[in-house]
Amino acid sequence: MFTGIVETIGVVSELNHQAEDGGTNLTISNASEILSDCHLGDSISVNGTCLTVTWFDKSSFKVGVAPETLRRTNLGSLKQNSKVNLERAVSATTRMGGHFVQGHVDTVATILKKEPDGNAITFRFQPRDKTVLRYVVEKGYVTLDGASLTVTKVDDEEAWWEVMLISYTQEKVVTASKTPGDEVNVEVDQIGKYVEKAVEGYFSQGSSGEPAILQKMVERIVDARLSKPQQ
């Protein structure tokens, strides 16, 4: 579990593609800020993707990236010297400055537009999987490359949303240096998924075949109307 508050920006210093399984081993450097309390097997969010530390020293660490992860994220496009957002998993003393982030990327989104707005920058994104848009709401949270950001505008018909990066955030995340056409990892707010499933369960037919709650409500209203004496 993460907060979406990027702790530091690391640099990909080495990529070793594994021909036998199609995966990749990444070595990420310039990460001393998050390695002082690191242990083998710890989880670190790399561009919003939860990965397991397999080796580390004072300033670098290695992680393995499975083929499925490469397909679902933008990690497959990383090259030597690419910069990545990094965050350690939360601890009991972590301040929840962003929102609950799992590090499970839902899809990638392409930057459609990047426009300055004073000292801020507005980005417009279009997801590869358009179904995630139902979890993206204005003033809600979305995680982009591991950074918890606030949605400023949504267009469901044209399938895009916008976020704004203030000047401080621009210095702390890799997204600020990206340009139209580049991709970012997207994780939508998991609370929306839980709410959706709960509502679907509430209105759907029960496992034993009992009528749906909505149907019961309608039947009660109809019965009440029919039971009233005619005027």
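Of the contacts in the protein between residues at least 6 apart in sequence, 66% join residues at least 24 apart; contact means heavy atoms within 4.5 Å. This is a predicted model, where local features need pLDDT of at least 70, side-chain atom pairs count only at pLDDT 80 or more, and totals for chains, interfaces and linings use all residues. Residues are numbered from 1 along each chain as its sequence is written, and side-chain values use heavy atoms, with hydrogens and water left out.

Now the rings. A pair of aromatic rings is described by the distance of the centres and the angle of the planes. Rings of Phe, Tyr and Trp (its six-membered ring) pair if their centres lie within 6.5 Å; planes under 30 degrees apart count as stacked, over 60 as edge-to-face and the rest as tilted.

How many aromatic pairs does a search of the whole structure find? There are two. Phe-123 and Phe-125 have ring centres 5.9 Å apart and planes at 15°, so this pair is stacked. For Phe-125 and Trp-161 the centres are 6.3 Å apart and the planes are at 35°, so that pair is tilted.

Phe-123, Phe-125 and Trp-161 form one aromatic cluster. Trp-161 counts as buried because its relative accessibility is 0%; buried means under 20% relative accessible area, with a 1.4 Å probe and protein chains only.

Key. Buried < 20%, exposed > 50% of the residue type's maximum accessible area, 1.4 Å probe, protein only.
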